[in-house]
Amino acid sequence: MRADLRRPVRLPLSSLDLPQSPCRRILPSPAAGTWDYALTAPPELRFAGPNVFIYGQDRGEWAGTLEGFTEEEFVVVCHPKAGFSFYHGEMTLRDGDGRVGHAP
């Protein structure tokens, strides 16, 4: 005797936690400043055929419209015939007032 694995499953929607956020348009505003950064550890190198992957972390200091410090993760892929690609990982911003923000 085979068990029928195609039974319907009912989920009460009231138990799901769905965030409700308004959708609105925010216009860009002018900003200016500087970004200084330095590696916090030696980068990690990985190789895939002729391509080189560089994984790193840095600490940045922002001054100007946006002020504070950031901790960032990144990947640089060097292609021998096509230049390089930069992929920004996660960035954490800490401002002078102790507030923290994240950017994926």
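E44 is partly exposed, with a relative accessible area of 39%; that label covers everything between buried (under 20% relative accessible area) and exposed (over 50%), using a 1.4 Å probe and protein chains only. The model here is predicted, so local features need pLDDT of at least 70 and side-chain atom pairs count only at pLDDT 80 or more, while totals for chains, interfaces and linings use all residues. Residues are numbered from 1 along each chain as its sequence is written, and side-chain values use heavy atoms, with hydrogens and water left out.

**E44 and its partner**

You'll find E44 in strand 2, residues 44-48. Strands are DSSP runs of E with at least two residues, helices are runs of H or I with at least four, and both are numbered from the N terminus. Leaving out residues up to four places away in sequence, E44 touches F53, I54 and Y55, where contact means heavy atoms within 4.5 Å. E44 also pairs up with R46: their side chains meet in a salt bridge at 2.8 Å, N to O. The rule asks for a side-chain nitrogen of Lys or Arg within 4 Å of a carboxyl oxygen of Asp or Glu, and by this rule the count comes to 1 salt bridge. R46 counts as partly exposed because its relative accessibility is 42%.

**The chain as a whole**

Zooming out, the protein chain has 0 helices and 6 strands, so read along the sequence you get β-β-β-β-β-β. Buried residues make up 13% of its 104 residues. Take the contacts with a separation of 6 or more, and 27% of them join residues 24 or more positions apart.

Here are a few pairs that are separated in sequence, with their C-alpha distances.

| Pair | Separation along the chain | C-alpha to C-alpha distance |
|---|---|---|
| E44 and V75 | 31 residues | 9.5 Å |
| F69 and M91 | 22 residues | 10.0 Å |
| L39 and G60 | 21 residues | 8.8 Å |
| F86 and V76 | 10 residues | 4.5 Å |

**The largest pocket**

Rolling a probe the size of a water molecule over the atoms shows where empty space is left. The largest pocket has a volume of about 160 Å³. Grid points are joined across faces, edges and corners, and the volume is the space filled by probe spheres set on the points.

Which residues line the largest pocket? They are W35, Y37, L39, D58, W62, E72, E73, F74, F86, H88 and M91. The elements giving two or more residues to this lining are strand 1 (33-39), strand 3, strand 4 and strand 5 (83-94). By type, the lining residues divide into 7 nonpolar, 1 polar and 3 charged. In that scheme Ala, Val, Leu, Ile, Met, Phe, Trp, Tyr, Cys and Pro are nonpolar, Asp, Glu, Lys and Arg are charged, and the others, Gly among them, are polar.

**A closer look at some lining residues**

D58 lies in strand 3, residues 51-64. Is D58 buried or exposed? D58 is buried, yet it has no salt bridge, and the nearest side chain of opposite charge, R59, is 8.9 Å away. Lys and Arg count as positive here and Asp and Glu as negative, with His and the chain ends not counted. Beyond four places in sequence, D58 touches Y37, A38, L39, T40, T70, E71, E72 and F74.

F86 is found in strand 5 and counts as partly exposed because its relative accessibility is 48%. Again setting aside residues up to four places away, F86 touches F74, V75 and V76.

**F69**

Last stop is F69, in strand 4 (residues 68-79). With 34% relative accessibility, F69 counts as partly exposed. Apart from neighbours within four places in sequence, F69 is in contact with R59, G60, E61, T92, L93 and R94.

Technical notes. On a 1 Å grid over the protein atoms alone, a cavity is a set of points where a 1.4 Å probe fits but cannot get out, and a pocket is an open set with protein on both sides within 12 Å along at least five of seven lines; lining residues have an atom within 4 Å of a point.
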